[in-house]
Amino acid sequence: MDETLPFDVAALFGCAVLTGAGAVFNATDVRPGDSVVVFGLGGVGLAALLAAKAAGATTLLAVDVVAEKRELALSLGATHALEGDVEAIKELTGGGADHAIDTTGVVAALQQAYRATRPGGTTVTVGLPDPAAEVALPAQSLVAEEKTLRGSYLGSCVPRRDIPRFIGLYRSGLLPVEALLTHRIGLEEINTGFDRLRRGATVRQVVTFS
């Protein structure tokens, strides 16, 4: 770990950036000019959005039910922000995104992400749904449309390799992850922090100790 990195920013690399950016750099082959749609705009999803932009994606679609998070995604480089209309995603991408990344852990969102992926494209899921949940997909599409569906745990990262790499991208300005840090709170404010999480009124909060 870069010892000159502020602790509150360094904390972001432990989960949100590792999972979201890792999903882009390790689980997809996003290339300049590609289209990417991200489902779920929490810390993981927005980190994936930033990473897709850094990788050269030019059409970046952000999907979330919370309007404030869609607005934040647009300020971070998303070209479009939607609530989850698959047909609208297909229209905006000319038939489906090259890469769809689901960060929600919600089966319905994963199914939408798969449907929003173009033939020959890749759907990556990093969310952890209920262990009893099952996913129903049109099986023929895996062959007839040559789609790829894969999971990625913690962004398929090797922390010793990937954390310094992502910090390097942050230092160069290509991965401005400090934008994910929406609140700094003391331990006495922890319940307020959980209330924000429940309302979807935050991205990442860091608890600081003096």
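This briefing describes selected helices, loops, surface features and charged pairs of the structure shown above. The structure is a predicted model, in which local features need pLDDT of at least 70, side-chain atom pairs count only at pLDDT 80 or more, and totals for chains, interfaces and linings use all residues. Residues are numbered from 1 along each chain as its sequence is written, and side-chain values use heavy atoms, with hydrogens and water left out. A search of the whole structure finds eight salt bridges, and L128, Y153 and L154 form a nonpolar patch on the surface.

- Helix α6 spans residues 107-115, and its buried residues are V107, A109, L110, A113 and Y114; buried means under 20% relative accessible area, exposed means over 50%, and partly exposed lies in between (1.4 Å probe, protein chains only).
- These residues lie on the same side of α6, because they cover an arc of only 160 degrees around the axis; the arc is that of the directions from the helix axis to the C-beta atoms.
- The buried residues of α6 pack against β1 (35-39), β4 (97-102), β5 (117-125), α7 (139-144) and β6, where contact means heavy atoms within 4.5 Å.
- Helices (H or I, at least four residues) and strands (E, at least two) are DSSP runs, numbered from the N terminus.

**The loop between β6 and α8**

- Y153 lies in the loop that connects β6 (148-151) with α8 (159-171), and Y153 counts as exposed because its relative accessibility is 63%.
- L154 is found in that loop between β6 and α8; with a relative accessible area of 32%, L154 is partly exposed.
- L154 is not a glycine, although its phi is positive, at about 55 degrees.
- S156 also has a positive phi of about 55 degrees without being a glycine.
- S156 is placed in the loop between β6 and α8 and counts as partly exposed at 26% relative accessibility.
- The nonpolar surface patch of L128, Y153 and L154 has about 370 Å² of accessible area together.
- Patches are made of residues with over 30% relative accessible area and no salt bridge, with like charges joined within 9 Å and nonpolar side chains (Val, Leu, Ile, Met, Phe, Trp, Tyr) within 5 Å.
- Accessible areas come from the Shrake-Rupley method with a 1.4 Å probe, and for residues only the protein chains shown count as cover.

- A78 is found in the loop between α4 (67-75) and β3 (80-82), and A78 counts as buried because its relative accessibility is 9%.
- Leaving aside residues up to four places away in sequence, A78 touches L49, L60, A62 and A73.
- The C-alpha atoms of A78 and V124 are separated by 18 Å, and the two residues are 46 residues apart along the chain.
- A81 is found in strand β3, where A81 counts as partly exposed at 29% relative accessibility.
- Residues up to four places away in sequence aside, A81 touches A62, R70 and L74.
- A81 and V126 are 20 Å apart in space, C-alpha to C-alpha, and 45 residues apart in sequence.

**Charged side chains**

- Side chains of opposite charge can pair when their charged atoms come close.
- A salt bridge is a side-chain nitrogen of Lys or Arg within 4 Å of a carboxyl oxygen of Asp or Glu.
- D29 and R31 meet in a salt bridge through their side chains (3.7 Å, N to O); D29 is partly exposed at 41% relative accessibility, whereas R31 is exposed at 53%.
- K147 and E145 form a salt bridge (3.5 Å, N to O); K147 is buried at 9% relative accessibility, while E145 is partly exposed at 32%.
- D195 and R198 form a salt bridge (2.5 Å, N to O), and both lie in helix α9 (residues 190-199), three residues apart, about one turn of the helix.
- D195 counts as partly exposed at 29% relative accessibility, and R198 counts as exposed at 65%.
- R161, D162 and R165 are linked in a network of salt bridges.
- R196, placed in helix α9, is buried yet has no salt bridge, and the nearest side chain of opposite charge, E189, is 5.3 Å away.
- Lys and Arg count as positive and Asp and Glu as negative, while His and the chain ends are not counted.
- R196 touches H183, I185, A201, T202 and Q205, not counting residues up to four places away in sequence.
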